[in-house]
Protein chains: 2
Amino acid sequence: MEVKVKKIALLGMGTVGSGVYEIIKRQKQELPAKTGCMLEIDKVLVRNKAKYASVVPEEKLTNHWEDIINDDSIDIVVEVMGGIEPAFTYIKEALTKGKHVVTANKDLMATRGHELLEVASAHDCDLLFEAAVAGGIPIIRPMKQCLAGNNITEVMGIINGTTNFILTKMTEEGMEFKEALQIATDLGYAEADPTADIEGYDAGRKLAILASIAFHTQVTFDDVYTEGISKITSKDIVYAHELGCEIKLLGIAKLEEDGIEVKVHPTMIPKDHPLAMVKDSFNAVYIHGDAVDDAMFYGRGAGSLPTGSAIVGDIIDIARDTQFRCTGRIGCTCYKQIPVKHMQDTHSSYYIRMKLVDRAGTLATLAGVFGENQVSISKLLQTDKEGDTAEVVIVTYDVKENQFAKAIDTISSMPMIKEISSVIRVVHEE
Amino acid sequence: MEVKVKKIALLGMGTVGSGVYEIIKRQKQELPAKTGCMLEIDKVLVRNKAKYASVVPEEKLTNHWEDIINDDSIDIVVEVMGGIEPAFTYIKEALTKGKHVVTANKDLMATRGHELLEVASAHDCDLLFEAAVAGGIPIIRPMKQCLAGNNITEVMGIINGTTNFILTKMTEEGMEFKEALQIATDLGYAEADPTADIEGYDAGRKLAILASIAFHTQVTFDDVYTEGISKITSKDIVYAHELGCEIKLLGIAKLEEDGIEVKVHPTMIPKDHPLAMVKDSFNAVYIHGDAVDDAMFYGRGAGSLPTGSAIVGDIIDIARDTQFRCTGRIGCTCYKQIPVKHMQDTHSSYYIRMKLVDRAGTLATLAGVFGENQVSISKLLQTDKEGDTAEVVIVTYDVKENQFAKAIDTISSMPMIKEISSVIRVVHEE
């Protein structure tokens, strides 16, 4: 039997692109057995051809998109350039021409993914993006297929490796944020401009994609509340341990009766929660469904070969689909329109660390103000004293965000309060 | 547009069957959006119809297989009876008639799965069995699809919830095995005859299936070495902690240069290994691939709804496949024939606890005998002394099984050795 060749065009040859290139090379002998066809990287779109001359045969290198979009022999386009444009235009044009697309582009999928999925559907094409969330960890396909019998009500994830690395350093070596960030930068975990990572934007994009799939509703990055880790101190981590917790940057998506909550923020989670043991640059996504109960998916959230692994998995799936003429089999699964709640209407439990005047009755007054604002106190630790100043740590019960904000507003203007040092949300074991 | 109805026959209405029935009921409104068709449980095969009269409408209940196999309107057969026969015959007949099959039957899939996958392939049918390994945890589809670009070299799993529950009780409450087993029995985690769980047979069946998929080679239950947890004592758990480890019943499948290793045995693993935090009746499967690096899948390995979740995921996939006429798209992926190694040719590190005569020179003699048998000692703890008896704990470096057996043989016949109390394999962090 003649084995068909499926031709792939790779857009971009950076960290992820070179991972894909390497894996396809390693798997050359096995791919026909896995897919029923040969898979060949036929074109590689780069800006500077000379830079890649030693890795990619010259005839495959191009710096013109036209060479790819006008080549009818190209079956699959793999977009690993990143950014919104020209990625959006290239993917749209490829799908319109009946080419199948694999992308690792979370920025794009979190903002205009739904548009592209519609184009894919209109042309019976596959548009797969397993690599866009949590790198090498299988999560999109498990949610769309294996867990499809569930009503998923919660997704919580450590979905940014850079911040998890920084928090791990701070936890295990008692470092402050800036020092840990410097190490992450030196090791290449953090980019020159680390804003997207440390402010939670990167995690927010991935969370938008996860929430869309979990709740069958279009959630975009604009819907996600984000708060980064730059204000976390080693002191807070010590208190977290005292409270039996670790501090992690979590993406949290919840399906509540009145809508969807999507938020990224530093979070105290109990030490025995499976997410608490996710260290260094590892990622993990924790899911609760009405049938499966709790499940967690753990692994490498970034890197050349791990992200390449997810992309090649998608390529293999497309190759199988084309063999069986069933491309477009599972497209957009957003068949609902559940509203996304405003952050102020969501609930959380809170840890507050503050400095106050060390005087009889201060704590009673403080508790009173919390009470007047419907904030109930679950734990109170009074710790260091320095002169007339006492440090107090309070953990609240679940409270509505705007109620809590009002309480903090009132408290911070009181003369007995010298400083509100930290405010961190807390997730309790169910 | 008219929505097609796909009819399902459910073989068995025990724990898992009733979970499937419940989930299909809960998902009734959503299934058309997910699959493009209606899914309806049309027949339920049970021994005693009267027993289920309050749950299942009478006209759906039958105790005759003929009512199902001869009904051409049945599209999907879900086998949740368990056991080899008549399950094998029913599944084979169903596939031969062009009906698609979902099964949770690990006993069957681990011994005769490959035969059935061939029948499925010959009739372009889907035969899916996500529920057969690790219950609700998505693992088979992630391996066959998401991780298909990897050369997987290792799979390690906590894939029996009963034994993990028992070991957790022993660890956290200092219980001995028998007491913990009694609690597991009282809580319904352990069956009246717990042999298959505690001797590692159940885990061995799941491991055979995992190894077949990971290494693209037919591995059956007969190939798997199994050793249970009944000899583990709370004392060993205390020593494990001293060595920075937890004791878990692991299924371990490795791809080595000279073949495949498949073994189930109690194992000491470092406390900071992700598998070490898997507690109670939870399951987890840890995978190493050349591209993805390390990944782990965690969740409920058993239970009515979690196992039902995996089955309904498979049913939904079949419904989608039938809509796109691409059933049989991913069948058996065993395109290699890698030999399975004999246990005696595999390697491991060992923990040995023994009692010996407390006399000068004893340890030197002992170390000498190990050395003569090419067993190198990595750690030695001399602990309790009672009269002229000392307890000694030794951890070895990696050693070939038959070399180690020879060393133990020699040592146990030496007069200075009063008792070899425990022998447990150890997995070190890479």
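Arg26(A) and Asp290(B) form a salt bridge in which the closest N and O atoms are 3.1 Å apart; the term denotes a side-chain nitrogen of Lys or Arg within 4 Å of a carboxyl oxygen of Asp or Glu. The model is predicted: local features need pLDDT of at least 70, side-chain atom pairs count only at pLDDT 80 or more, and totals for chains, interfaces and linings use all residues. Residues are numbered from 1 along each chain as its sequence is written, chains are lettered from A and ligands numbered from 1 in the order in which they are written, and side-chain values use heavy atoms, with hydrogens and water left out.

Between chain A and chain B the count is 10 salt bridges. Over all chains, the count by this rule comes to 65 salt bridges. Because Arg26(A) lies in helix α1 of chain A and Asp290(B) in the loop between β11 (282-289) and β12 of chain B, the pair joins two chains. Helices (H or I, at least four residues) and strands (E, at least two) are DSSP runs, numbered from the N terminus. Polar contacts across the interface of chain A and chain B link 24 residue pairs, both residues being at pLDDT 80 or more. A polar contact is a pair of N or O atoms within 3.5 Å; within protein, one must be able to donate a hydrogen and the other to accept it, and residues adjacent in sequence count only if both atoms are side-chain atoms.

The side of chain A that touches chain B receives at least two residues from each of α1 (15-26), α2 (31-35), α6 (140-146), β12 (293-300) and α12 (304-323) of chain A. The most is given by α12(A), with 10 residues. By class, this side of chain A has 25 nonpolar, 13 polar and 16 charged residues, where Ala, Val, Leu, Ile, Met, Phe, Trp, Tyr, Cys and Pro count as nonpolar, Asp, Glu, Lys and Arg as charged, and the others, Gly among them, as polar.

The contact (heavy atoms within 4.5 Å) takes 54 residues from chain A and 54 residues from chain B. About 4,500 Å² is buried between chain A and chain B, 56% of it on carbon and sulfur atoms; buried area is the accessible area (1.4 Å probe) that two parts lose on being put together, summed over both. Cys146(A), Arg320(A) and Arg329(A) supply 15% of the area that chain A buries against chain B, more than any other three residues.

Chain A is superposed on chain B by a rotation of 180° with 0.0 Å of shift along its axis (RMSD 0.0 Å), using least squares on the C-alpha atoms of residues with pLDDT of at least 70 in both. The two copies are thus related as by a two-fold rotation axis. In chain A, the C-alpha nearest the axis belongs to Phe297(A), 2.4 Å from it. The same surface serves both copies, as 100% of the contact residues of chain A recur in chain B.

Two strands pair if DSSP finds at least two bridges between them. Gly299(A) has Ala295(B) as its bridge partner in β12(B).

In chain A, 6 strands form an open sheet with parallel pairing, in the order β3-β2-β1-β4-β5-β6.  Its edge strands, β3 (61-62) and β6 (127-128) of chain A, each pair on one side only.
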